[in-house]
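Have the viewer open as you read.

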Amino acid sequence: MLLSDPGDFVLPESGILHVRDFESGEHVYLDASNPKIRKAYARKKRGEHRRILDSFKACDIAAVEISTEEDAADALAGFFRIREKRIR
(Lines give C-alpha, C1' and ligand atoms only; values in the text may rest on other atoms or scores of the structure.)
Protein backbone atom coordinates (compact mmCIF):
# COMPACT_ATOMS: atom_id res chain seq x y z
CA MET A 1 0.00 0.00 0.00
CA LEU A 2 1.30 3.41 -0.94
CA LEU A 3 -0.29 6.30 0.90
CA SER A 4 0.16 9.76 -0.54
CA ASP A 5 -1.05 13.25 0.14
CA PRO A 6 -1.22 15.95 -2.54
CA GLY A 7 0.68 18.19 -0.14
CA ASP A 8 3.65 15.86 -0.45
CA PHE A 9 4.25 17.14 -3.98
CA VAL A 10 4.13 20.90 -3.45
CA LEU A 11 6.02 23.50 -1.48
CA PRO A 12 4.07 26.24 0.25
CA GLU A 13 4.74 29.74 -1.06
CA SER A 14 6.33 30.74 2.23
CA GLY A 15 9.81 32.07 1.57
CA ILE A 16 12.97 30.34 2.75
CA LEU A 17 12.56 26.77 3.99
CA HIS A 18 15.13 24.61 5.72
CA VAL A 19 14.70 20.99 4.61
CA ARG A 20 16.59 17.78 5.28
CA ASP A 21 16.86 14.78 3.00
CA PHE A 22 16.05 11.80 5.22
CA GLU A 23 18.12 9.39 3.14
CA SER A 24 21.32 11.41 2.76
CA GLY A 25 20.95 13.62 5.81
CA GLU A 26 21.79 16.63 3.65
CA HIS A 27 20.38 19.98 4.81
CA VAL A 28 19.26 22.46 2.17
CA TYR A 29 17.64 25.89 2.16
CA LEU A 30 14.99 26.42 -0.50
CA ASP A 31 13.39 29.67 -1.58
CA ALA A 32 9.79 28.46 -1.79
CA SER A 33 8.62 31.86 -3.04
CA ASN A 34 10.47 31.13 -6.32
CA PRO A 35 8.11 29.42 -8.84
CA LYS A 36 11.05 27.62 -10.51
CA ILE A 37 12.07 26.07 -7.18
CA ARG A 38 8.49 24.95 -6.48
CA LYS A 39 8.19 23.41 -9.96
CA ALA A 40 11.52 21.60 -9.60
CA TYR A 41 10.51 20.31 -6.17
CA ALA A 42 7.17 19.04 -7.52
CA ARG A 43 8.91 17.37 -10.47
CA LYS A 44 11.40 15.67 -8.14
CA LYS A 45 8.69 14.44 -5.78
CA ARG A 46 6.55 13.09 -8.67
CA GLY A 47 9.63 11.30 -10.02
CA GLU A 48 10.35 9.72 -6.63
CA HIS A 49 6.73 8.62 -6.38
CA ARG A 50 6.85 7.12 -9.89
CA ARG A 51 10.11 5.25 -9.07
CA ILE A 52 8.47 3.69 -6.01
CA LEU A 53 5.53 2.49 -8.10
CA ASP A 54 7.91 1.22 -10.81
CA SER A 55 9.92 -0.67 -8.17
CA PHE A 56 6.78 -2.38 -6.93
CA LYS A 57 5.91 -3.35 -10.49
CA ALA A 58 9.45 -4.60 -11.25
CA CYS A 59 9.28 -6.83 -8.17
CA ASP A 60 5.81 -8.04 -9.19
CA ILE A 61 4.29 -6.54 -6.05
CA ALA A 62 0.63 -5.68 -6.35
CA ALA A 63 0.31 -2.25 -4.81
CA VAL A 64 -2.70 -0.15 -4.02
CA GLU A 65 -2.16 3.58 -4.06
CA ILE A 66 -4.36 5.59 -1.73
CA SER A 67 -4.51 9.35 -1.62
CA THR A 68 -5.57 11.18 1.51
CA GLU A 69 -8.11 12.93 -0.75
CA GLU A 70 -10.04 9.72 -1.39
CA ASP A 71 -11.90 7.17 0.66
CA ALA A 72 -9.47 4.39 1.56
CA ALA A 73 -12.29 1.80 1.58
CA ASP A 74 -13.24 2.67 -2.01
CA ALA A 75 -9.62 2.46 -3.16
CA LEU A 76 -9.10 -0.91 -1.47
CA ALA A 77 -12.38 -2.30 -2.83
CA GLY A 78 -11.37 -1.25 -6.35
CA PHE A 79 -7.94 -2.81 -5.92
CA PHE A 80 -9.41 -6.15 -4.82
CA ARG A 81 -12.01 -6.13 -7.64
CA ILE A 82 -9.22 -5.71 -10.21
CA ARG A 83 -7.08 -8.33 -8.48
CA GLU A 84 -9.99 -10.80 -8.43
CA LYS A 85 -10.52 -10.35 -12.19
CA ARG A 86 -6.84 -11.09 -12.84
CA ILE A 87 -6.95 -14.28 -10.81
CA ARG A 88 -9.97 -15.67 -12.67
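## Salt bridges

Across the whole structure, a search turns up four salt bridges, a term used here for a side-chain nitrogen of Lys or Arg within 4 Å of a carboxyl oxygen of Asp or Glu. As background, side chains of opposite charge can pair when their charged atoms come close. Please keep in mind that this is a predicted model, where local features need pLDDT of at least 70, side-chain atom pairs count only at pLDDT 80 or more, and totals for chains, interfaces and linings use all residues. Residues are numbered from 1 along each chain as its sequence is written, and side-chain values use heavy atoms, with hydrogens and water left out.

Which parts of the chain does the pair R38 and E13 link? Their side chains form a salt bridge at 3.8 Å, N to O, and the two residues, 25 apart, sit in distant parts of the chain: R38 belongs to helix 1, E13 to the loop between strand 1 and strand 2. Helices (H or I, at least four residues) and strands (E, at least two) are DSSP runs, numbered from the N terminus. R38 is buried because its relative accessible area is 17%, while E13 at 66% counts as exposed. The cut-offs are under 20% for buried, over 50% for exposed and in between for partly exposed, with a 1.4 Å probe and protein chains only.

## Pairs within helix 1

E48 and K45 also form a salt bridge, with 3.3 Å between the closest N and O atoms. These two residues are three apart in helix 1, so about one helical turn separates them. E48 is partly exposed at 28%, and K45 is partly exposed at 26%.

D54 and R50 meet in a salt bridge as well, at 3.6 Å, N to O. Both lie in helix 1, four residues apart, which is about one turn of the helix. D54 has 39% relative accessibility and counts as partly exposed; R50, at 47%, is partly exposed too. Salt bridges with shared partners also join K44, K45 and E48 into one network.

## Charged surface patches

On the surface, K36, K39, R43 and R46 gather in a patch of positive charge. Patch members have over 30% relative accessible area and no salt bridge, and like charges are joined within 9 Å. Lys and Arg count as positive and Asp and Glu as negative, leaving out His and the chain ends; each charge is placed at NZ of Lys, CZ of Arg, CG of Asp or CD of Glu. K39 lies in helix 1 (residues 35-58) and is exposed because its relative accessibility is 57%.

There is a negative patch too, formed by D5, D8, E65, E69, E70, D71 and D74. D71 sits in the loop between strand 4 (65-67) and helix 2 (72-87), and at 43% relative accessibility it counts as partly exposed.

## An aromatic pair

How are the rings of F79 and F80 arranged? The structure holds one aromatic pair: these two ring centres are 5.1 Å apart and the planes meet at 75°, so the pair is edge-to-face. Rings of Phe, Tyr and Trp (its six-membered ring) pair if their centres lie within 6.5 Å, with planes under 30 degrees apart called stacked, over 60 edge-to-face and the rest tilted. F79 is buried at 18% relative accessible area, whereas F80 is partly exposed at 48%.

Definitions and conventions. Patches are made of residues with over 30% relative accessible area and no salt bridge: like charges are joined within 9 Å, nonpolar side chains (Val, Leu, Ile, Met, Phe, Trp, Tyr) within 5 Å. Accessible areas come from the Shrake-Rupley method with a 1.4 Å probe; for residues, only the protein chains shown count as cover.
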